[in-house]
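Subject: Structure handover

Hello,

The structure you asked for is below. My notes on it follow; please read them with the model open.

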Amino acid sequence: MRVEKISGLKFQKKQDVAIVGAGMTTWKRRLNETGRELCFLAIKQALEEAGIGFDEIEMVVMGSAPDTFDGMLMKGEYLLDGSGGSDRPYMRVFVGGGTGVFAPIAGYWHVASGLADVCLVVCEEKMSSCYPHPQSAFKYIWDPILERPLNPNLIWIFALEMRRYMHVHKIKHEDIALVSVKNKANALDHPCAQVAGKITVEDVLNSEPMALPVRRLDVSPPSDGAAALVMVSPYIARRLTDEPIWVTGVGWSLDTTWWTNRDLYFPRYVAEAAKMAYKMAHITDPRKEIDVAEPYDPFDYKELHHMEGLGLAKKGEAPILTREGVTARDGDLPVCPSGGLMGVGNPIAATMGVKACEIYWQLSYRAGKRQVAKEVTTGVCQAWGDLMQVGTVMVMSNKR
Amino acid sequence: MIEKIISPKELKHWDGIIDVYWIYTSGEAGDKFFKALKEDGKFIAAKCKKCGWVYFPPRMYCEKDFSETEYIEVSGKGKVKAFTIARLDLKEKELQDPQIYAIIDIDGTNGCIVHLLGEVDPKDLRHGLEVEPVLKKKEEREGKITDILYFRPIS
Amino acid sequence: MSVGKRDITCPGYAPGTPIKDEDIKLKKVTSVEDHPDIRYSWSAGQAISKFLNGLKEGKIYGVKCNKCKRIMVPPRMFCELCYKPIDEWVELKDTGVVQTFSISYIDPDAKPLPEPIIVAVIAIDGASHNMGIMHLLGEVKPEDVYVGMKVKAVWKDEKEREGAITDIKYWKPI
Amino acid sequence: MTRVAVIAAGYYGFNANTPEFSWKEIMYAAARRAYEEAGINPRRDVDSFITCAEDIYEGFAIFDEFVPDQLGAVLKPTCTICGDFLYGVATAYMQIKSGLADVAVVEAHSKASDIATFGDVLRFGFDPIWIRDIGNGHPYYFAALEMDLYMQTDCITEEQIAKVVVKNKNNAVLNPSAPYGEKVSIEDVLKSPKVFDPMRKIEIAPRSDGCVVFVIANENIAKEITDSPIWIKGVGWWSETNSYDTMSFRAMYATKAAKMAYKLAGIVNPQKEVDFAEVDDRFAFKEIQHIEALGLSRRFETASLLEEGYFDRNGEIPVNVSGGSLGIGNLLECTGGQKALEVVLQLQGNAGRRQLKDVEIGVAQAWRYVPTASGAVVVFGL
């Protein structure tokens with residue numbers, strides 16, 4: 001072992017990275033447009049908002065989750081021409097469900113390395129193509145030899161994790177259900193929302209059981225949709241706007257494949273990713289320094305779980321913050337003001353639209369009815385993926 | 001270090017299958033095309049409103065400048081640009097009847113279609129051969145690309 | 001200053017065209033259905049081959065790393081934390097402890113099951129702390145399962161075993 | 001700005017099949033060799049791990065899950081790039097340039113022998129609406145169409161394409177990890193049946209297994225660890241389109257990717273400045289296209305230069321001295337890995353019996369296979 005320690009070069013980038021535009025399509029259980037057409041719609045809106053021409057795009061990053069949804073080998077290549085990748089460097093990144101925040105992270109290094117000054121980040125998912133049910137596509141996420149023969153359903157792993165989380169911290173299902181209630185209500189203000197609604201904790205607790213403790217209203221729905229972001233270098237950003245949103249920290253982490261060898265009660269993959277992102281963004285006390293958060297919430301308990309991973313709450317404290325209204329849109333730490341996946345929908349990778357895009361809109365004070373009550377400077381978005389393995393975290397700020 | 005398995009009989013293989021299926025919608029442009037093909041036996045192309053490039057197969061967007069397109073009707077006839085005689089099937093077994101695939105430039109468009117050629121002796125194949133589409137009977141058409149059976153030389 | 005983006009207070013969104021499953025079935029929109037024949041034959045490799053051969057004999061094998069002292073299951077050829085080859089095979093017991101569980105009402109295609117099944121992560125006795133596998137529970141009512149319950153493997157008949165994870169039918173409470 | 005260098009390369013294979021190891025064990029074997037060569041501990045010294053894989057080639061919905069353990073990447077920044085190995089090298093290059101990592105590891109592998117129905121898997125890559133259901137020929141036909149077009153527009157003869165096969169298969173004889181090396185002559189090739197007229201069976205690279213792992217680092221660390229780092233002078237990747245109607249069918253993706261890589265590398269006249277190249281030859285005619293796209297010869301000259309021996313192992317610019325994919329096999333997303341590996345071994349002087357003399361700049365190029373028009377190029381140098 002010749003290398004004793006890595007010398008401290010880290011985070012010496014070529015240039016800063018700003019976000020100047022975002023766009024998303026409406027999210028529905030089934031849309032007629034092909035995946036390419038959905039990408040086109042989202043990109044057009046993002047370019048319009050950024051006020052930048054299509055010919056100025058230098059590189060394209062595609063984020064899309066399992067090929068088994070859209071039903072294509074090399075799905076990235078298939079989506080290429082609708083994603084603006086024609087005649088350009090185009091690359092698809094993929095970390096399972098974490099792709100929704102990982103794609104903008106990839107956009108970040110395209111710009112920060114100086115290879116591109118304008119990078120388009122597109123995320124797309126068309127889950128409805130998969131039959132008999134989009135959930136069937138998840139049969140193939142399991143180990144082919146040790147797990148698939150047991151005929152597992154995707155929801156099992158969430159149910160097992162949720163049970164462990166509830167068991168260790170002695171959390172009641174009622175407290176977790178509050179997240180579902182909050183997010184579905186927040187989503188009423190989102191024009192793209194698929195499953196917004198006013199519901200009560202009782203509705204959640206009495207909904208149809210899927211894999212207990214998970215019930216129907218604990219789960220986000222499968223959706224079709226796309227989202228896009230425009231990431232640029234400082235000199236382009238200055239040309240376009242006085243108030244770009246800066247990416248100040250990124251982090252990602254992948255835990256071991258052997259998920260049955262870990263204690264599932266705490267998402268240490270998120271904690272590791274957050275550690276990297278916070279270090280880069282010079283954040284030491286996330287609970288105080290973060291003004292608005294969009295943790296990944298495909299299941300209601302996941303929002304709580306991820307808040308703890310992000311250091312926005314102590315272990316086991318997230319349900320208490322939720323009960324006290326701290327995470328409401330007018331609270332001290334608004335969490336998922338967009339409505340999140342629970343309210344707006346869950347087109348796996350395209351959830352960038354309610355994670356990275358939403359934080360961008362919140363920090364630039366353009367979220368309309370969804371705008372949080374407090375003054376905001378720093379926001380964090382996060383996604384999770386794989387077999388409880390991936391954490392991807394991005395910190396943004398409206399101050400450089 | 002532990003000993004490795006040497007006997008091939010003790011080495012396991014595990015068979016698996018991806019057994020879901022997919023239903024793909026044809027999308028905005030595809031829907032226009034296939035409905036016209038199914039109902040009227042007509043062919044639709046798409047013209048970029050900005051640069052004038054005529055896409056065939058049609059698309060709702062122009063991939064070169066990302067502006068919208070408008071739909072126009074074309075004849076569906078064209079010229080063979082390239083062809084190959086495929087003799088192996090998906091399992092790399094010999095095909096009973098070799099199939100002739102061709103890239104066909106469609107008249108009045110900047111685009112082309114990859115499809116089969118039929119009613120033609122392989123010896124008569126040449127580049128630039130003028131061909132026309134042969135469609136299924138109207139009642140058999142389903143709004144899919146296979147509604148076109150093949151292209152044949154214009155006699 | 002090329003744009004009037006300040007005029008946009010709340011950004012719009014791009015509408016799509018929502019359709020229903022019936023629209024496809026009734027052919028209101030055109031579509032293509034495909035049932036590709038995609039099959040694999042994965043090599044199980046050294047570690048999993050030995051594990052599967054063990055199951056056929058009614059044994060559960062784990063592996064041990066002499067550096068971190070962990071005894072791991074399912075077995076692997078290398079210790080992922082120390083990043084070195086593992087040192088020895090260890091035969092584990094066929095009993096364990098439920099770490100977490102779920103009562104599933106649906107099959108992989110999200111269709112309702114006739115009877116709910118119980119799935120659990122079971123930490124195997126003889127392996128290190130937390131080392132578990134996912135499997136099914138049986139001979140127990142859903143309401144009687146708890147985290148920390150001790151369970152034992154119920155094996156298939158020796159003749160029926162084929163060297164697969166399903167050679168264990170399920171785990172029952174001790 | 002820091003420069004970026006390859007400090008170690010490890011590989012396992014290449015074999016026609018590998019029944020004794022799972023894909024995880026292949027990756028572990030290759031990664032361990034790379035770390036051993038670099039003298040690093042991945043659990044401590046590596047900042048970012050990148051794997052290049054496509055789900056359906058592996059048989060998973062999310063292959064990313066099954067990557068970290070065997071690379072030593074548990075709880076570390078790890079990601080999957082859905083692309084060739086060279087896309088992964090480009091990603092590592094960007095991550096190091098943007099300061100996110102000081103040391104990055106890139107991995108790609110092929111376990112093609114695990115795929116039971118390769119033809120159906122390839123067909124699954126075709127657009128379901130417009131082309132997938134047409135006929136029941138093997139998807140190789142799509143490459144044959146391109147070959148037919150290319151032969152007419154560029155006046156290429158069957159003998160010239162046969163020469164590619166002869167050159168590469170004979171080069172492979174000198175490569176101990178090339179399972180398909182053979183002494184063949186032009187006549188032997190012309191006897192091979194035309195399975196996709198005008199494409200012959202022998203012109204299609206058969207599949208094989210293997211894994212390549214690179215350790216890539218910034219300037220400071222590279223100089224600390226090794227006396228002879230192989231610098232990544234330029235990276236380029238480019239996509240034309242994915243719709244057959246707007247494809248150029250003449251490897252514009254490689255031309256543009258090379259342009260980008262040469263620009264970063266400061267190469268103005270590749271024909272003079274590049275000493276040797278490894279290009280994608282998974283269909284024999286593709287090698288001629290790709291040589292031209294890399295600017296190693298001019299249009300209409302390439303095939304005759306090839307016949308004259310310009311690209312032979314003792315020619316002006318040796319191309320595919322490793323034996324190429326025709327000699328080593330189609331390694332799916334690891335194809336670029338095999339190309340980059342050969343370039344690095346040659347520059348290090350570790351290429352054994354096939355070692356070239358006095359080489360300083362080498363280029364690796366890969367394509368994303370049927371039915372795409374995307375690819376990447378990386379320029380390595382001393």
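Helices and strands here are DSSP runs numbered from the N terminus, with helices being H or I of at least four residues and strands being E of at least two. This is a predicted model, in which local features need pLDDT of at least 70 and side-chain atom pairs count only at pLDDT 80 or more, while totals for chains, interfaces and linings use all residues. Residues are numbered from 1 along each chain as its sequence is written, and chains are lettered from A and ligands numbered from 1 in the order in which they are written.

Backbone exceptions

Most residues other than glycine have a negative phi, and most peptide bonds are trans. Two residues of chain D with positive phi are described here. Ala251(D) lies in the loop between strand S8 (230–239) and helix H11 (252–265) of chain D, and its phi is near 55°. Ala251(D) is buried, with 27 other C-beta atoms within 10 Å. (Buried means 20 or more other C-beta atoms within 10 Å of the residue's own, exposed means 12 or fewer, and partly exposed is in between; C-beta atoms are placed from the backbone.) Cys155(D) has a phi near 50° and sits in the loop between H7 and helix H8 (158–173) of chain D. Cys155(D) counts as exposed because it has 11 C-beta neighbours inside 10 Å.

There are also cis peptide bonds to report. One joins Gly13(D) and Phe14(D), with omega about 5°; Phe14(D) is in strand S1 (residues 4–15) of chain D. In chain B, the bond from Phe56(B) to Pro57(B) is cis, with omega near 0°. Pro57(B) belongs to the loop between strand S4 (54–55) and strand S5 (69–74) of chain B.

Chain A with chain D

In this pair, 60 residues of chain A are in contact with 59 residues of chain D, where contact means that C-beta atoms, placed from the backbone, lie within 7 Å. On the chain A side, the elements that give two or more residues include helix H4 (99–112), strand S9 (245–254) and strand S3 (90–94). S3(A) gives the most, with five residues. By class, the chain A side has 31 nonpolar, 15 polar and 14 charged residues. (Nonpolar covers Ala, Val, Leu, Ile, Met, Phe, Trp, Tyr, Cys and Pro; charged covers Asp, Glu, Lys and Arg; the others, Gly among them, are polar.)

Strands pair if DSSP finds at least two bridges between them. Phe94(A) has Thr80(D) as its bridge partner in S3(D).

Chain D with chain B

Here 29 residues of chain D are in contact with 35 residues of chain B. Helix H7 (140–153) of chain D is one of the elements that supply at least two residues of the chain D side, and H7(D) provides the largest share, six residues. Strand S6 (residues 78–88) of chain B is joined to S5(D) by two bridges, in the antiparallel sense. The partner of Ile85(B) in S5(D) is Asp197(D).

A sheet in chain C

Chain C has an open sheet of three strands in the order S4-S3-S7, with antiparallel pairing. Strand S4 (71–72) and strand S7 (88–92) of chain C are at the edges with a single partner strand each, so one side of each has no neighbour in the sheet. Five bridges pair S7(C) with strand S3 (residues 60–64) of chain C, and Tyr61(C) stands opposite Glu91(C).

Regards

Technical notes: Two residues are in contact if their C-beta atoms, placed from the backbone, lie within 7 Å.
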